[in-house]
Amino acid sequence: MPSSRPAALIVEDQPFVGMVASDILRESGFDTFHAYDPADAAEVLEQHPEIEVVVTDAELQGERGGLELAHRVARQRPDVQLVVTAAGKELTPSEMPKGARSLRKPYASGELRTIVAAKSLLADA
């Protein structure tokens, strides 16, 4: 039986960081799915059209694969809210897909909650 809760996908190659993001989103009312690279993420998104939020690391395994994934998701699923995280640097708007939010690592749990909640409030309006 499908869940009535919204769903989120966390794409993170560092298991502990992914676990923390998952905990934050579950506490915010989301079911969560995990992927460790862009190929896994594409498969999860295809299998779970109920996913409303994707939180991805910009640099998966030292590459810009997460940022490329965000651009692909923005083209294929414009209804999905995108949050792109990055360690040590701020992503510029020109690097990001339109409408995506950036979040610098390490981030506080409240920062991720606020970004996701802001989109939900807009959708309810």
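**Close-ups of a predicted model**

**View 1. Where helix α2 meets helix α3.** In this predicted model, Pro38, Ala41, Ala42 and Leu45 of α2 touch Gly65, Gly66, Leu69, Arg72 and Val73 of α3, with contact meaning heavy atoms within 4.5 Å. Sorted by type, the residues of this contact come out as six nonpolar, two polar and one charged (Ala, Val, Leu, Ile, Met, Phe, Trp, Tyr, Cys and Pro count as nonpolar, Asp, Glu, Lys and Arg as charged, and the others, Gly among them, as polar). Helices here are DSSP runs of H or I with at least four residues, strands are runs of E with at least two, and both are numbered from the N terminus.

**View 2. How the α2 and α3 axes sit.** Helix α2 (residues 38-47) and helix α3 (residues 65-76) pack at about 25°, and their axes are 10 Å apart. So α2 is roughly parallel to α3, a label for angles under 35 degrees. Axes are lines fitted to C-alpha atoms, for helices over the stretch in contact, and angles run from 0 to 180 degrees between N-to-C directions.

**View 3. The open sheet.** Five strands line up as β2-β1-β3-β4-β5, with parallel pairing; two strands pair if DSSP finds at least two bridges between them. At the edges are β2 and β5 (101-105), each pairing on one side only. From one strand to the next, the twist averages 20°.

**View 4. Strands β1 and β2.** Parallel strands β1 (residues 7-11) and β2 (residues 31-35) are joined by five bridges. Leu9 has Phe33 as its bridge partner in β2, while Ala8 has Thr32.

**View 5. A cis peptide bond.** Lys105 and Pro106 are joined by a cis peptide bond, with omega about -5°. Pro106 itself lies in the loop between β5 and α4 (109-124).

**Notes.** Numbering starts from 1 along each chain as its sequence is written, and side-chain values use heavy atoms, leaving out hydrogens and water. Local features need pLDDT of at least 70, side-chain atom pairs count only at pLDDT 80 or more, and totals for chains, interfaces and linings use all residues.

Methods: Angles under 35 degrees count as roughly parallel, over 145 as roughly antiparallel, 65 to 115 as roughly perpendicular and the rest as oblique.
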